[in-house]
Structures are given as C-alpha cells and as structure tokens.
Amino acid sequence: MSGQTELRALVDSASKSHGLFTRQDAYRHNVSRQRLHSLTQRGVVEQLSHGVFRVAGSPASWEQRVLATVWAGGPDCVATGTTAAVLHGFDGVRRGPVEVLVPASRRDWKFANAVVHTTTSMLEIDRAVVGSIPVTDPIRTWLLLAATLQPRRLEELLDAAERDGLIQRRELMARLDGLRASGRNGVGVAATLLESRECVAEIAQSVLERRFARLLILAELPGARAQHPVRRGDGRMAYIDYAWPELRCGVELDGHGAHATRAQRSNDNRRHRELLRVDFEIIRFTWEEVTRTPELVVASVRSMLQRHSNRVEPNPFLQPSVKKP
C-alpha cells in the first residue's frame, strides 16, 4: 500500500521518543499534511496538542506526558524543576506536576496540568537531554529548586548530586558567579549555602563526611578529628575518616555502600582488621545509613563513645544531658 514504508519509518522514529512525534517529524518522513489528517481521523495516531502526535497504542507513561508538554512549548521549551530533577536522578525527588521553562516572551503560554516557569536567559550550557527529553542541566535545575526548597533539603540534594557525579562544585561556583547579577530567584539562597559549605569543606573532604559531621553537631556529640592518622599493624599509615584518638575509636564512612566491588570490600575488610590489631575500634556506616537512618547512626556512635569513655578522665560531653527546669 502506498505510504506504508514512510508510515513505518515514522512509527519506528516515534518509538524512540516515548511513542510521540511532531508534525515536522511526519513531514521529514514524507507523511503529508493530508495523510497525517487521515491517520488522525482513522485513529492510527492521536493529536495531543498543536503539532504533537502520539502513535495509538503506544504505552502511556509519565515520561511521555513530560515530552508532549515540552514539545508543545516549542523549540526553546525544556523540562525543569522537580521534573528535571527526577529525570536526572536527583536523590529522593518524586514525580509531580510537569514543570517546564520557556522564554519570558512566552509568559502567557499555558498548558493543561503543567507548571510553566519563564526566564530571560537560557544559555546552551543550561540545556541537556535525558533520553529524548530536553531538560535544564543538573546545575540549572538545582539553582531553580533553590528558589522553592528549604535550605536543608536543598543541601541534601546537592550532597547527593555531588556524590552521584551530576554536579561538580567548581563548575557550579563558576555558573553561580555568572548569575549573581541577574537577580534570578534562588541565586542568593544558593550562594549563601555554598559559601557556608566552603568552611566545612576544609575539614571534611567528602560529601558523606560533611553529612556525618552535621549529625555529630545536631546530636551534640563530642567533635571528632577528620582524617586522623593511625599506624596500622603492618607498619603503614591509615587515615580514619572521623576519630576520637583519646578514646581509641572512630568511624569509617563507606560512600560506595552496597555497590562496592569485590576488591573494594576486600580492601576495606583488610584495613578494618589491621586497625583492630592496634586496639582501635572502628564502626562503619554507608551513605544510605547516614542519610536515611541518621538516628541509628547517632545511637551507634553514642554507644561506642560511652563504651570507651573509661579509657580517659570522665568527659562531660559523654554524660547524658539533663534539661534544666
């Protein structure tokens, strides 16, 4: 039948874009306006918005809805906010209403069940593609979230994004410097947060270590020494992530957690055995434990410190706190 080859090529192309195609896609595959109208009338394809179509029978999905909204917004429209955060894999962000970013000249544009943000500045570096969906890149996404999230939650997202390699601190600082003068929402909050982190970064060298350091402070536990050197039983030096040298105990933080390779696990276990040989107790915590069950981490640390408190003179920080009446 005439046109079947072109139609199959169009459907195959749409399968790589969550079952969607645009009017321009149809024309590129030699499917004419009249042919496209006929396919729509017969229910072979479904028109979702002006210029955006869905192949009938293609699986409906959240990603399909996002892409349809972005395409309806035109070539300068991208997914952003929590929508982009989910697509990039930001830790703990859940799906919600589709959020998109369009130029300020289109501030009156609306789309059903979508949140529309506008901007006066959108550089190529701000754009990315996840699958086939145009989105704001991780840094621009995080900066936009800074306008709406509580500082603590914003910092948690940044910690996870740095851990997962989505955001590099140096690039984030450079981009932020370029946006300070623009008065864009969230820039001031992000700048304040980053500046406060620089002081901590000089002490704790990793994202996970900073998270653990904050737990010690919030729990009012005695301060520990970061990267404390200890000579192992084999004569080599080991550096404990956090240690209380006078109590002969410390904490090691395992950033790779359940995803550790066999070689990493073997090295960690050998290091742990060597530290036990020099009578230095170590307890280990994974990223998941520090971020998802902080109360259990604090309880374990407190218990360890209390067990070792008889090694030195009584430490007032280790005594149960008594609230004054």
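Me: Among contacts in the protein chain between residues at least 6 apart in sequence, what share joins residues at least 24 apart?

Reply: The share is 59%. Keep in mind that this is a predicted model, and that every value here is computed from it.

Me: What percentage of the residues counts as buried, and of how many?

Reply: Of 325 residues in the protein chain, 43% count as buried. As for the surface, the accessible area of the chain is about 17900 Å², and carbon and sulfur atoms hold 51% of that.

Me: Which residues have the most contacts inside the largest nonpolar core?

Reply: The general idea comes before the case. In soluble globular proteins, nonpolar side chains tend to be buried together. Here the largest nonpolar core has 39 residues, and Val 66, Trp 142, Ile 167 and Leu 172 have the most contacts inside it. Several elements each supply at least two residues of this core, including H4, helix H5 (81-88), strand S5 (98-103) and helix H6 (138-145). Helices H7 (151-163), H8 (169-179) and H9 (187-201) are also among them. The largest share, 6 residues, comes from H4.

Me: With which residues is Trp 142 in contact, leaving aside its neighbours within four places in sequence?

Reply: Trp 142 is in contact with Phe 90, Leu 154, Leu 157, Leu 158, Ile 167, Leu 172, Ala 190, Leu 193 and Leu 194.

Me: Why is H5 described as largely enclosed by the rest of the structure?

Reply: Burial is judged residue by residue, with under 20% relative accessible area as the cut-off. In H5, 7 of the 8 residues are buried, so the helix is largely enclosed by the rest of the structure. The buried ones are Gly 81, Thr 83, Ala 84, Ala 85, Val 86, Leu 87 and His 88.

Me: What covers the buried residues of H5?

Reply: The cover includes H4, strand S4 (78-79), S5, strand S7 (127-130), S8 and H6. After H5 comes Gly 89, whose phi is positive, near 90 degrees.

Me: Is Ala 60 buried or exposed?

Reply: Ala 60 is exposed, because its relative accessible area is 65% and the exposed class is over 50%. Ala 60 sits in the loop between strand S3 (52-55) and helix H4 (62-72). Ala 60 and His 18 are 42 residues apart in sequence, yet their C-alpha atoms are 8.1 Å apart in space.

Me: How should I read a pair of aromatic rings?

Reply: A pair of aromatic rings is described by the distance of the centres and the angle of the planes. The count here comes to 4 aromatic pairs. Phe 212, Tyr 242 and Phe 285 form one aromatic cluster.

Me: How many disulfides are there?

Reply: A disulfide is a covalent bond between the sulfur atoms of two cysteines. The count in this model comes to 0 disulfides.

Me: How many salt bridges are counted?

Reply: The count comes to 15 salt bridges. One of them joins Glu 46 and Arg 54, with the closest N and O atoms 3.1 Å apart. Glu 46 counts as partly exposed at 37% relative accessibility, whereas Arg 54 counts as buried at 15%.

Me: Which parts does the pair of Arg 95 and Glu 63 tie together?

Reply: The side chains of Arg 95 and Glu 63 meet in a salt bridge of 2.9 Å, N to O. Arg 95 lies in the loop between H5 and S5 and Glu 63 in helix H4, so the pair ties together parts that are 32 residues apart in sequence.

Me: Where do Arg 153 and Glu 156 lie?

Reply: An α-helix has 3.6 residues a turn, so residues three or four places apart point the same way. Arg 153 and Glu 156 both lie in helix H7, 3 residues apart, about one turn of the helix. Their side chains meet in a salt bridge of 3.5 Å, N to O. Arg 153 is partly exposed at 27% relative accessibility, and Glu 156 is partly exposed at 25%.

Key: Residues numbered from 1 in each chain as written. Predicted model: local features only at pLDDT ≥ 70, side-chain atom pairs only at ≥ 80, totals over all residues. Heavy atoms only, no water. Helix = DSSP H or I, 4+ residues; strand = E, 2+ residues; numbered from the N terminus. Buried < 20%, exposed > 50% of the residue type's maximum accessible area, 1.4 Å probe, protein only. Phe/Tyr/Trp six-rings, centres within 6.5 Å; stacked < 30°, edge-to-face > 60°. Core = buried A, V, L, I, M, F, W, Y, C linked by side-chain atoms within 4.5 Å. Contact = heavy atoms within 4.5 Å. Areas by Shrake-Rupley, 256 points an atom, 1.4 Å probe, with all protein chains shown as cover. Disulfide = S-S within 2.5 Å. Salt bridge = Lys/Arg side-chain N within 4 Å of Asp/Glu carboxyl O.
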